[in-house]
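This briefing goes through selected local and interface features of a two-chain model. Please keep the sequence and the structure in view while reading the points that follow.

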Amino acid sequence: MDVDPAALRREFPALGVPVHGRRFVYLDSASIAFKPQVVIDAVVRVFIHDAGNVHRGVHALSEAATEAFDAARAEIARFIGGQPDEIVLTGGTTEAVNLVAHSWGRAHVGPGDVVIATALEHHSNLVPWQGLCAERGATLRIAPIDDRCRLDLAALAGMLDDRVKLVAACQLSNVAGTIAPIPEIAAMAHAAGAVVVVDGAQAVSHLAVDVTALGCDFYAFSGHKLFAPTGTGVLWGRRALLAAMPAWQTGGEMVASVDYDRARLREPPHRFEAGTPNIAGVIGLGAAIRYLATLDRAAIARHEARLHRRLRDALAAQEGVRVLGDPEAAVVAFTVAGAHPHDIATIVDRDGVAIRSGHHCAEPLHHRLGVDASARASLALYNDDADIDALIASLLRVRQVLR
Amino acid sequence: MSDQRAPRTDVDDLYQATIVDHDRAPRNLGALAGATHHATVDNPLCGDVVTMHIRVADGAVQEVAFEGRGCALSRAAASIMTTMVQGRPVDASRQLATAFEQFVQSAPDAAIPDELGDLRAFSGVRRFRSRRVCAMLAFRSLIQALDSGT
């Protein structure tokens with residue numbers, strides 16, 4: 001069955017609002033994806049019908065909220081092939097990675113140890129490791145990539161020894177659009193005794209994710225790139241690892257019993273969820289995942305793959321355009337000779353085309369590729385051929401405006 | 001609620017000929033021998049960097065040059081600025097920076113002060129909220145250099 005992009009597009013109200021009087025062409029879903037009506041409805045419903053707090057009241061609204069909240073956690077677990085008690089709800093990928101750095105990292109990384117991050121990492125899967133290593137007297141090493149932005153597995157193998165405690169890798173690069181071979185990385189890291197933390201922020205909305213098949217130890221992602229509200233995120237961790245990890249934030253909700261001088265903490269995942277959670281956001285994330293389950297995801301994947309090839313090839317064929325790396329999915333970052341990415345993004349915006357410009361929170365990767373910044377077009381399931389045509393047509397205007 | 005997110009405006013008003021000219025052929029680009037003051041300012045939006053070199057003597061900016069890569073707006077602002085503060089007393093240079101910052105942040109249809117000279121070409125940036133910082137980067141590095149005192 002083929003995807004009907006027009007029908008999909010109608011399910012996302014934000015796409016129906018013209019920008020600068022033009023049909024809205026949204027090519028920045030790698031930054032934030034729009035919400036389908038069913039997610040918006042689910043969130044609104046929380047504020048009206050399930051407006052109580054979770055896990056503490058016995059009144060009807062609290063029970064309704066708790067039921068919907070726990071159901072969302074179960075949906076999330078099924079979505080990535082984990083168990084509900086392995087799903088820690090966070091504010092996003094960044095918080096999820098910080099949780100691992102602060103809790104697992106401080107307990108396991110010491111002086112002389114090594115943490116490895118790949119050269120592709122977003123700041124959120126790099127800066128927490130810089131901080132951990134600085135604090136613990138450990139060393140951060142960067143696993144190199146080739147010019148196509150593929151991870152150099154042989155080089156990574158050469159870096160792994162028993163001093164390496166952790167390997168951090170993104171599954172789908174938010175700049176290069178390359179897909180990392182997580183199962184191979186995990187096997188290599190495990191052989192050296194290291195754990196693997198995967199940034200799945202870009203991957204979850206494009207690839208079928210099964211944490212068991214990936215073989216990683218922690219998997220982090222955000223709701224807002226998965227058609228769910230901002231301020232939602234997930235850390236999946238192996239049960240045995242989570243069970244042995246200390247709390248990193250403390251307070252209400254995460255304790256079993258409290259005396260004035262001590263507290264007994266709850267089991268995971270609650271141990272890592274201090275305070276009242278983002279109830280409406282989490283229920284919205286559950287609704288987004290249920291929405292995806294109603295779609296033919298194989299057909300969506302084919303649709304996205306075809307659009308991505310067209311986008312990549314059309315951009316590469318433009319005079320003066322350099323596509324960064326050799327993107328495999330979802331995103332294409334590029335530069336245009338004689339035009340700064342910010343100027344490109346400003347000019348195409350006035351044609352109703354939204355793209356990202358800058359370093360996309362991956363400044364070291366841009367320097368590795370010899371550029372300060374890039375423009376980036378990224379796809380989601382609601383994009384279509386007209387979106388790509390609009391970007392290409394608008395890029396011609398960039399040259400006219402900047403002469 | 002309007003069914004449009006923003007009124008349509010023309011990017012030609014943003015990228016006026018003066019700006020494109022200074023972007024294509026920036027004046028006073030490079031190092032400055034004998035400079036007395038330096039400062040480097042980042043644009044956190046994109047990682048762009050402007051470094052300003054100034055030679056101050058007799059209470060005036062005698063020479064000024066800038067380095068760094070950036071968008072058309074930040075390059076043109078730096079280039080035009082250097083042509084305008086060259087030979088200008090330090091106090092008057094600071095006043096120009098203040099006037100330009102107020103201008104960039106003013107309403108899109110507000111009066112354009114004559115004292116801004118070629119900087120008046122930035123009138124269009126007033127409609128592009130996210131790009132104001134690009135226009136102001138050069139003056140901010142100028143002020144920081146003057147404040148640095150070295």
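**A buried histidine and other features**

His360(A) counts as buried because 25 C-beta neighbours lie inside 10 Å of it, where 20 or more are needed. This residue sits in the loop between β14 and α13 of chain A, and, although His360(A) is not a glycine, its phi is positive, at about 55 degrees. The model is a predicted one, and the points below are grouped by topic.

**Loops and backbone geometry**

- Asp58(B) also has a positive phi, near 55 degrees, in a residue other than glycine, and its place is in the loop between β2 (48–57) and β3 (60–67) of chain B.
- Asp58(B) is exposed, because 7 other C-beta atoms lie within 10 Å and the limit for an exposed residue is 12 or fewer.
- The peptide bond that runs from Pro268(A) to Pro269(A) is cis, with omega near 5 degrees, and Pro269(A) is found in the loop between β10 (263–265) and α10 of chain A.
- Leu369(A) is placed in the loop between α13 (363–368) and β15 (374–378) of chain A, and this leucine counts as buried because it has 20 C-beta neighbours inside 10 Å.
- Leu369(A) and Leu8(A) are separated by 361 residues in sequence and, from C-alpha to C-alpha, by 36 Å in space.

**Helix packing in chain A**

- Helix α2 (residues 37–48) and helix α10 (residues 279–293) of chain A have axes that come within 8 Å and cross at roughly 150 degrees; angles over 145 count as roughly antiparallel, so α2(A) and α10(A) are described in that way.
- The crossing in which α2(A) passes α10(A) is right-handed, and the residues that make the contact include Val38(A), Ala42(A) and Phe47(A) of α2(A), together with Ile279(A), Gly284(A) and Tyr291(A) of α10(A).

**A helix in chain B**

- Helix α3 (residues 72–85) of chain B has 14 residues, which at 1.5 Å a residue should span 20 Å, and the distance of 20 Å between its end C-alpha atoms agrees with this.
- α3(B) is mostly covered, with 13 of its 14 residues buried, and it is followed by Gly87(B), whose phi is positive, near 85 degrees.

**The interface between the chains**

- In the contact between the chains, 20 residues of chain A meet 22 residues of chain B.
- On the side of chain A that touches chain B, α12 (341–349), β14 (356–358) and α14 (385–402) each supply at least two residues, and α12(A) gives the most, with four residues.
- The residues on that side of chain A divide into seven nonpolar, eight polar and five charged.

Note on methods. Residues numbered from 1 in each chain as written. Chains lettered and ligands numbered in written order. Predicted model: local features only at pLDDT ≥ 70, side-chain atom pairs only at ≥ 80, totals over all residues. Expected span 1.5 Å × (residues − 1). Axes fitted to C-alpha atoms, helices over the stretch in contact; angles between N-to-C directions. Parallel < 35°, antiparallel > 145°, perpendicular 65-115°, else oblique. Left-handed = near helix turned anticlockwise from the far one by under 90°. Contact = placed C-beta atoms within 7 Å. Nonpolar A, V, L, I, M, F, W, Y, C, P; charged D, E, K, R; others polar.
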